[in-house]
Amino acid sequence: TPPKHYLTMMTTFKNMKPYLKEWIEFHRLVGFEHYYLYDNNSTDHPREVLDEYIKQGIVTLTDFPSQFRIAYDGTRENFSQKAAILHALAIHRCETRWMGLLDMDEFVFSPSDTPISKLLKNFEAYGGVSLAWLRFGTSNHVLPPDKVTIEGYKYRMRVPSPNWKNIVQPAHVAGIQDVHEIIYHSGYYSVDERHRPVARHTNRNAERSFSILRLHHYFTRSSLDWWLRVYDRGSVSGTYRKFKVDDLKYYGQANEVFDDSALFMAERLKEAMHWNGSQWQDMFLSDDKVRRVVAVVEQQAKRKSRV
């Protein structure tokens with residue numbers, strides 16, 4: 001029996017309500033049919049956005065409280081993302097031919113505007129497809145601009161990330177090393193868009209190709225988004241490093257290269273979202289906690305402008 005879906009998406013999220021609809025609708029435009037969403041202790045009422053998608057059978061929502069373990073250095077570590085991926089692969093493996101394992105700040109598309117679902121027909125002999133990252137900075141936005149992400153953030157780092165993210169065939173997955181590296185059953189492996197075998201730790205310096213599939217990683221978005229990531233969401237990936245406000249000096253100023261390659265999708269995305277032009281501000285500023293952070297971020301921006 002063929003699986004119910006050809007292409008689905010899985011992600012873990014916490015307090016991402018302003019961006020839920022955008023991320024879902026963007027990926028629906030490129031061919032993703034269903035979403036397995038794992039809510040890691042959100043307090044911003046995500047069901048206000050997701051309930052309609054759940055009723056339509058587009059989203060399967062799983063409440064997934066934080067999972068902790070003791071790291072190699074003796075510290076207590078949140079590895080909820082890895083645990084959620086393993087859960088999704090185990091529970092939903094028979095429901096889908098392909099499953100994207102991406103974060104909610106990552107957007108995958110084809111520069112040719114070909115649906116991802118159509119492109120994957122050329123990769124069915126492999127266990128998965130590995131996507132190279134292009135990391136975007138703040139584009140000098142202190143607060144979220146009144147634009148969709150692909151329209152508001154158009155500056156990125158010159159050098160691609162050494163890591164990969166993956167779209168996998170769950171039937172061929174044996175496990176995961178971490179959120180970047182998949183372990184496949186014998187005879188299967190992951191390839192890049194040129195059908196070259198990929199192993200994270202042996203291909204960190206390999207040439208990256210983005211002509212067929214592009215993965216844009218909006219790691220910081222605005223300065224406000226980054227502050228909320230540091231003080232509110234944190235990391236669920238199981239990585240040992242902790243986010244810091246000072247990381248903005250590296251990531252937030254990663255505005256080296258102008259890149260508007262995703263802009264051709266902006267109008268279609270806004271139409272799908274029923275975009276009203278001020279959704280970010282409306283959602284962010286409805287939260288007292290966020291308003292307090294906004295005040296701090298604006299104050300810091302004023303100090304910088306005086307220097």
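1. A residue counts as buried when its relative accessible area is under 20%. The structure discussed here is a predicted model. R156 has a relative accessibility of 13%, so this residue is classed as buried.

2. R156 sits in strand 9, which covers residues 155-156. Its side chain makes a polar contact with the side chain of D259, at 2.7 Å. Apart from neighbours within four places in sequence, R156 is in contact with L134, R135, F136, G137, R214, A254, N255, E256, V257 and D259.

3. Is H92 buried or exposed? H92 has 7% relative accessibility and therefore counts as buried. H92 lies in the loop between helix 3 (80-91) and strand 6 (96-101). When residues up to four places away in sequence are not counted, H92 touches Y36, Y38, T60 and M99.

4. Two packed helices are described by the angle between their axes and the distance between the axes. For helix 1 (residues 17-29) and helix 2 (residues 47-55), the angle is about 30 degrees and the axes are 9 Å apart. Helix 1 is therefore roughly parallel to helix 2, because angles under 35 degrees fall in that class.

5. Which residues make the contact between these helices? Helix 1 contributes K17, L20, K21, I24, E25 and R28, while helix 2 contributes E48, V49, L50 and Y53. The residues of this contact comprise five nonpolar, five charged and no polar ones.

Terms used. Residues are numbered from 1 along each chain as its sequence is written. This is a predicted model: local features need pLDDT of at least 70, side-chain atom pairs count only at pLDDT 80 or more; totals for chains, interfaces and linings use all residues. Side-chain values use heavy atoms; hydrogens and water are left out. Axes are lines fitted to C-alpha atoms, for helices over the stretch in contact, and angles run from 0 to 180 degrees between N-to-C directions. Helices (H or I, at least four residues) and strands (E, at least two) are DSSP runs, numbered from the N terminus. Angles under 35 degrees count as roughly parallel, over 145 as roughly antiparallel, 65 to 115 as roughly perpendicular and the rest as oblique. Contact means heavy atoms within 4.5 Å. Ala, Val, Leu, Ile, Met, Phe, Trp, Tyr, Cys and Pro count as nonpolar, Asp, Glu, Lys and Arg as charged, and the others, Gly among them, as polar. Buried means under 20% relative accessible area, exposed over 50%, partly exposed in between (1.4 Å probe, protein chains only). A polar contact is a pair of N or O atoms within 3.5 Å; within protein, one must be able to donate a hydrogen and the other to accept it, and residues adjacent in sequence count only if both atoms are side-chain atoms.
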